[in-house]
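Q: Please take me through reading a pocket lining and then the salt bridges of a model.

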Amino acid sequence: MSFLHKSEQHVEDLMDLGGPVMWPLLAVSLLLWTLVLERYWFFLRTLPRFLERRVPLVRSPAAVIEMAEMKIALRRHLRLIKTLSGILPMLGLLGTVTGIIETFDLIRVFGSAETRIVARGVSQALITTLAGLVMGLFGVGVGYNLNRRARAFERRYAERLRQP
């Protein structure tokens, strides 16, 4: 069995163990990663090239408009990254609740709190909680870093405008 096939099997097993909420968690996480990678690409590749192409700035209405456009470009997707980072732990908690509800339903159906039934439901609840918290914390940390980078570029760009 190849490494790739084993990895795919582990992901499928994890998704099954976490229950149905794992799929929305995966979708939101992928969207978050995509936006984060796009922002880092912008800050590390696109923005420096943009700043190099610009002629030295002078105080003018065009410079003010350019500054406003720069702020919009710097802040693009940052609010969505912050929002997605807050949604992920909530999805994890939703998985916790659905896992516990499923456990109580199985206890009701089988009439006893058999260890395997309880363990499966608690495991499902904890896996989704862990996934939501880990991805949410990742998003918060990266979102903070991206906001810090945006503020630093805004300050640097504003200083260029103030220079005579």
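Q: How many nonpolar, polar and charged residues does the lining of the largest pocket have?

A: Ala, Val, Leu, Ile, Met, Phe, Trp, Tyr, Cys and Pro count as nonpolar, Asp, Glu, Lys and Arg as charged, and the others, Gly among them, as polar. Here the lining has ten nonpolar residues, one polar and no charged ones. The model is predicted: local features need pLDDT of at least 70 and side-chain atom pairs pLDDT 80 or more, while totals for chains, interfaces and linings use all residues. Residues are numbered from 1 along each chain as its sequence is written, and side-chain values use heavy atoms, with hydrogens and water left out.

Q: How much space lies in the largest pocket, and which residues are closest to its centre?

A: On a 1 Å grid over the protein atoms alone, a pocket is an open set of points where a 1.4 Å probe fits, with protein on both sides within 12 Å along at least five of seven lines; lining residues have an atom within 4 Å of a point. Points are joined across faces, edges and corners, and the volume is the space filled by probe spheres set on them. The largest pocket holds about 230 Å³. Eleven residues line this pocket, and Leu14, Met15, Met22, Leu26 and Ala131 are the closest to its centre. Two or more lining residues come from each of α1 (3-18), α2 (22-53) and α5 (115-162); helices are DSSP runs (H or I, at least four residues) numbered from the N terminus.

Q: How many salt bridges does the count come to?

A: Side chains of opposite charge can pair when their charged atoms come close. The rule asks for a side-chain nitrogen of Lys or Arg within 4 Å of a carboxyl oxygen of Asp or Glu. The count comes to three.

Q: Which parts does the pair Glu154 and Arg75 tie together?

A: The two side chains meet at 3.2 Å, N to O. Glu154 is in helix α5 and Arg75 in helix α3 (residues 61-75), so the bridge ties together parts 79 residues apart in sequence. Buried means under 20% relative accessible area, exposed over 50%, and partly exposed in between (1.4 Å probe, protein chains only). Glu154 is buried at 15%, whereas Arg75 is partly exposed at 32%.

Q: Are Arg39 and Arg108 buried or exposed?

A: Arg39 is buried, at 0%, and bridges to Glu38 at 2.8 Å, N to O. Glu38 is partly exposed, at 31%. Arg108 is exposed, at 62%; its closest N and O atoms with Asp105 are 3.9 Å apart. Asp105 is partly exposed, at 37%. Arg108 and Asp105 are three residues apart in helix α4 (residues 78-110), which means a separation of about one helical turn.
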